[in-house]
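Open the model in your viewer and keep the selection tool at hand. The tour goes from one selection to the next.

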Amino acid sequence: ALMEWHVNENPTVARKVFELGLKQYINEPAYVLEYLKFLEHLNDKNNMRVLFEKVLKSLPPEKAQEIWNKYLEFEYNFGDSESIENVNQRRNEIYQDQSINYFLN
């Protein structure tokens, strides 16, 4: 997907490649993070939120913490106070024994 993007500069094709790969690698945080970086480069905030939600529904908590942290960081940078609080609360519910302020992690 990234090769397609860098060589042909066609975000539509690159996105389709990422989506196809997501079917197989949705439970691989490293893959998801690369897809998120791609969307961030495109400034595609709406699809970033969709990807966060889609992935966090399928990832087990032990593999999802890095994605939750990235989601919270994303909302701190681009969201409003309500969205920040919502993501932080959801994250803390999943990691109750680790519910420390995001910035302390």
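A polar contact is a pair of N or O atoms within 3.5 Å; within protein, one must be able to donate a hydrogen and the other to accept it, and residues adjacent in sequence count only if both atoms are side-chain atoms. This is a predicted model, in which local features need pLDDT of at least 70 and side-chain atom pairs count only at pLDDT 80 or more, while totals for chains, interfaces and linings use all residues. Residues are numbered from 1 along each chain as its sequence is written, and side-chain values use heavy atoms, with hydrogens and water left out.

Select R91 in helix α6 (helices are DSSP runs of H or I, at least four residues, numbered from the N terminus). The side chain of R91 makes a polar contact with that of N92, at 3.3 Å. R91 has a relative accessible area of 1% and is therefore buried (under 20%, with a 1.4 Å probe and protein chains only).

Next, select α2 (residues 11–25) and α4 (residues 45–58), whose axes, lines fitted to C-alpha atoms over the stretch in contact, come within 13 Å and cross at roughly 10 degrees. The two helices α2 and α4 are therefore roughly parallel (angles under 35 degrees). Show side chains: R15, E19 and L22 of α2 meet N47, L51, K54 and V55 of α4, contact being heavy atoms within 4.5 Å.

Apart from neighbours within four places in sequence, L22 is in contact with Y31, V32, Y35, L51, K54 and V55.

Key:
Axes fitted to C-alpha atoms, helices over the stretch in contact; angles between N-to-C directions. Parallel < 35°, antiparallel > 145°, perpendicular 65-115°, else oblique. Buried < 20%, exposed > 50% of the residue type's maximum accessible area, 1.4 Å probe, protein only.
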